[in-house]
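Welcome! Please take a moment to look over the sequence and the 3D view below, and then we will walk through them together.

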Protein chains: 2
Amino acid sequence: MSLSPHPRPTVAVDLAILTLADGHLCVLLANRPDAAVVGGDWALPGGFVHQGQPLTAAVERVLNDKARLRDVHFEQLATFGDPGRDPRGHVISVTYLALCPPGSLPQPDGRDTCLARLVVDWPGEKGGPARALGPDRQPLHLAFDHRAILGEVVRRLRGKINYSDLAFALLPPRFTLRALQEVHEAVLGRRLTKPAFRRRMLDTGRLRATGDYETGGAFRPAELYKTA
Amino acid sequence: MSLSPHPRPTVAVDLAILTLADGHLCVLLANRPDAAVVGGDWALPGGFVHQGQPLTAAVERVLNDKARLRDVHFEQLATFGDPGRDPRGHVISVTYLALCPPGSLPQPDGRDTCLARLVVDWPGEKGGPARALGPDRQPLHLAFDHRAILGEVVRRLRGKINYSDLAFALLPPRFTLRALQEVHEAVLGRRLTKPAFRRRMLDTGRLRATGDYETGGAFRPAELYKTA
DNA sequence: GCAATAGTGTCTTTCAGACACTATATC
DNA sequence: GATATAGTGTCTGAAAGACACTATTGC
């Protein structure tokens, strides 16, 4: 049965797979061999949505195919449907962000995939496009409208990090308060003061001290916490 | 050219056209003659997205067709794509909310369209489904997953009203601070204190006093403000 | 003891709620 | 003058930044 007699646009999901590396927010990008057509060498990994397939199933398929990831926290960001955004045809992209603890991503080879640092020029939650810096710190040439999408990614993260469990999805199950603060600083793009941050986090009641301490450091070890 | 050889889901836009009536947040609903098929008598007005058509064009078409509205503030909410959400087939719905000043909507006739009060059971930004009350204050039977969508609508409004221009889109160009406070109270579902609210609004710098005053009241008239 | 980081106590500023007050319109 | 609402001054308490302090580890 056809609900609409008109020719239909195609639907895809595109994923911003995010992690923290060296204190910086990074995104996994896929190389585009068709760079000349799609307008850039690198793009967010994505895939088409087939009839009868839930959006979440398409997301999980991309996570598994492109990053060998399972049980990752992901959430919908926004939908981009401008007919000109994909030169090959009308593709409506439902974008998601996926959050991974450091080290849970397979090492990108730099050819098919790379891990790019996310940088924005704007303060706070003002909004605007983002840049992606390659391993050599040079800006990468992004395909489609993916600079704008990555800008929205950062804006969403900044808007939600203070009243959601989003930061914990970028950390291992047990973590120090300093590591948690580094996540917040990387997302917000500014330094925070330690006492106020500790109070604020502990007052939420979402944290539980484990009684264990980090090891391997040269100096006083910090206590490990987990989510309550 | 076909980007995907598989059969594709259909894409639609669905609109939560909101306004304020009698101090309550209300949404415009369309009657469904096919209630037995779609699971409810009333639904958000919507329309299919055709190939090559921007999402915003589909939104404007629905606004014009269903509510004779132009130049209305609208923004994207979220995309719902569960294959079972529409019994007729796989329809991916990109939902929008549209905000209208009181009185700018044509009077719904109660048969094809009605203006339903939006009510939620949950406090703050906790989230959950919403109910829609008809003119007789009885809950309406909503089609599809529209109870869940309307819950997200309220959640989004509550999350954004304090740091966006969203409230002004629910007011005429010139308005009293009391009217602005009533908008906030209707969205947040709780009473606010007048002095704190006035200070907070005036301190944002987004308001400008006009020097004019409302008329027709039996008592001291309030000054009219506009957005800066 | 030294270096470096973990973690805390306290002061100050900011801001929202509570509450009481003054001001001004119609009747 | 009565009444009802517009608009303000002030107190209080909560929360965050600044800053200085103590605590604990490896060397």
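A polar contact is a pair of N or O atoms within 3.5 Å; within protein, one atom must be able to donate a hydrogen and the other to accept it, and residues adjacent in sequence count only if both atoms are side-chain atoms. With that in hand, here is a contact of this kind: a polar side-chain atom of Lys194(A) sits 2.4 Å from a base nitrogen of DNA strand C. This is a predicted model, in which local features need pLDDT of at least 70, side-chain atom pairs count only at pLDDT 80 or more, and totals for chains, interfaces and linings use all residues. Residues are numbered from 1 along each chain as its sequence is written, chains are lettered from A and ligands numbered from 1 in the order in which they are written, and side-chain values use heavy atoms, with hydrogens and water left out.

**Around DNA strand C**

- The protein places 20 residues around DNA strand C, where a residue is near a strand if one of its heavy atoms lies within 4 Å of it.
- The closest of these residues are Lys194(A), Thr193(B), Pro195(B), Ala218(B) and Arg220(B).
- In the side chain of Arg220(B), an N or O atom is 2.7 Å from a base nitrogen of DNA strand C.
- Helices (H or I, at least four residues) and strands (E, at least two) are DSSP runs, numbered from the N terminus.
- What share of the atoms of DNA strand C within 4 Å of the protein belongs to sugar or phosphate? The share is 56%, and the rest belong to bases.
- The surface near DNA strand C has nine nonpolar, two polar and nine charged residues. Here Ala, Val, Leu, Ile, Met, Phe, Trp, Tyr, Cys and Pro count as nonpolar, Asp, Glu, Lys and Arg as charged, and the others, Gly among them, as polar.

**Chain A as a whole**

- Chain A has five helices and 11 strands.
- Its C-alpha trace spans about 65 × 40 × 35 Å along the principal axes.
- Of the 228 residues in chain A, 49% are buried. Buried means under 20% relative accessible area, exposed over 50%, and partly exposed in between (1.4 Å probe, protein chains only).
- Leu20(A) belongs to strand β1 (residues 10-21) of chain A, and Leu20(A) is buried at 13% relative accessibility.
- The C-alpha atoms of Leu20(A) and Glu182(A) are 9.2 Å apart, although 162 residues separate the two along the chain.

**Salt bridges**

- Over all chains there are 24 salt bridges, each a side-chain nitrogen of Lys or Arg within 4 Å of a carboxyl oxygen of Asp or Glu.
- Glu75(A) and Lys160(A) form one of them, with their closest N and O atoms 3.1 Å apart. Glu75(A) lies in strand β5 (residues 73-80) and Lys160(A) in helix α3 (residues 146-160) of chain A, so the pair ties together parts that are 85 residues apart in sequence.
- Is Glu75(A) buried or exposed? Glu75(A) is buried, with a relative accessible area of 14%, whereas Lys160(A) is partly exposed at 24%.
- Asp121(A) and Arg131(A) also meet in a salt bridge (3.0 Å, N to O). Asp121(A) is in the loop between β7 (113-120) and β8 (130-133) of chain A and Arg131(A) is in strand β8, so this pair links parts that are 10 residues apart in sequence.

**Aromatic pairs**

- There are four aromatic pairs over all chains. Rings of Phe, Tyr and Trp (its six-membered ring) pair if their centres lie within 6.5 Å; planes under 30 degrees apart count as stacked, over 60 as edge-to-face and the rest as tilted.
- The ring centres of Phe74(A) and Tyr96(A) are 5.9 Å apart and the planes are at 70°, so this pair is edge-to-face. Both residues, Phe74(A) and Tyr96(A), are buried.
- Phe168(B) and Phe175(B) make a stacked pair, 5.7 Å centre to centre with 25° between the planes.
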